[in-house]
Amino acid sequence: MIEREIIKDKFLEYKVTNYIRDTLGDVPIREISVEKHHAGERITVYTSAPGLVIGREGANIKKLTKQLIQEFGFENPQIKIGEVEEMNLSAAIVARRIANDLARFGSQKFKLTGFRSLSGVMDAGAMGVEIKISGKLPSSRAKRWRFHKGYLKKTGYVSDFLVDKAIDKVTLKTGVVGIQVSIMLPNTPLPDKIEYLKNVVPQEVIASVEEEKKADIEKVEVEEKKDEVVEQ
């Protein structure tokens, strides 16, 4: 029974997330979290453009709240805006921005869009990034273009759980274009990374040992002089 409730809640969260993304359209969103509380449902939208989500005098928020009540039967949904510290380190936001640029400027400048996004991610401090754009760009035959820079894990635990990945799409005159973004965030722990310790022993300990050694040497010298005096 508990497993069914978990699956039910996750499926509801999935449907709410897709519904909000489709409703907001071109708004760059990193993620959407849905939590249940005794006072109602708490929905947090993490975005780099909070003004577009809120709208003038909160018009978009109010409209979205009514739609969620009608669509999913929520009693008292509370929509909050989450802060995104660095939008260039979010794969979902980068993919959405690429999709918006392709929709705005067309497929002729897709290379400029790819390299610009690549530079923005690396300038933000990422360890590595890979951007794949697939579709009829710019010819009539479908191709896959790959933009990459830095160091990026492709397999293993780091790739599955620590690399930020996102998939998006945009419909152009030539057809649907798919966008895949993978970002290795700064300070990602790597199992094969070796760090050399420069100061294994603190300088205070080294100084204390040197002083004790010097005192022992002076003590030995004093005792040797005493022995010489006694022999004379």
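Predicted model: local features only at pLDDT ≥ 70, side-chain atom pairs only at ≥ 80, totals over all residues.
**View 1**

View 2. Strands S6 and S7 run antiparallel and are joined by nine bridges. Within S7, Val181 is the residue opposite Ala166.

**View 3. The largest nonpolar core.** This core holds 25 residues, and those touching the most other members are Ile98, Leu102, Ile131, Ile133, Ile179, Val181 and Ile183. At least two core residues come from each of helix H4 (91-105), helix H5 (110-123), strand S4 (128-135), strand S6 (164-172) and strand S7 (175-184). H4 provides the largest share, seven residues. A separate core of 16 residues lies apart from this one and includes Ile29, Val34, Ile61 and Ile79.

**View 4. The surroundings of Ile98.** When neighbours within four places in sequence are left aside, Ile98 is in contact with Thr113, Ser117, Ile131, Ile133, Ile179 and Val181. Ile98 is also among the residues that touch the most other members of the largest nonpolar core.

**View 5. Helix H1 and its buried residues.** Helix H1 spans residues 2-24, a run of 23 residues. The distance from its first C-alpha to its last is 33 Å, close to the 33 Å expected at 1.5 Å a residue. Leu12, Val16, Thr17, Ile20 and Leu24 are the buried residues of H1. These buried residues pack against strand S1 (29-37), strand S2 (40-47), helix H2 (50-54) and helix H3 (59-72).

View 6. An open sheet of three strands shows the order S1-S2-S3 and mixed pairing. Its edge strands, S1 and strand S3 (78-82), each pair on one side only. The twist averages 20° from one strand to the next. Strands S2 and S3 run parallel and are joined by five bridges; Val45 stands opposite Ile81 in S3. Helix H1 lies across S1 and S2, running at about 135° to S1.

Notes
Residues numbered from 1 in each chain as written. Heavy atoms only, no water. Core = buried A, V, L, I, M, F, W, Y, C linked by side-chain atoms within 4.5 Å. Buried < 20%, exposed > 50% of the residue type's maximum accessible area, 1.4 Å probe, protein only. Helix = DSSP H or I, 4+ residues; strand = E, 2+ residues; numbered from the N terminus. Contact = heavy atoms within 4.5 Å. Expected span 1.5 Å × (residues − 1). Pairing = 2+ DSSP bridges. Axes fitted to C-alpha atoms, helices over the stretch in contact; angles between N-to-C directions.
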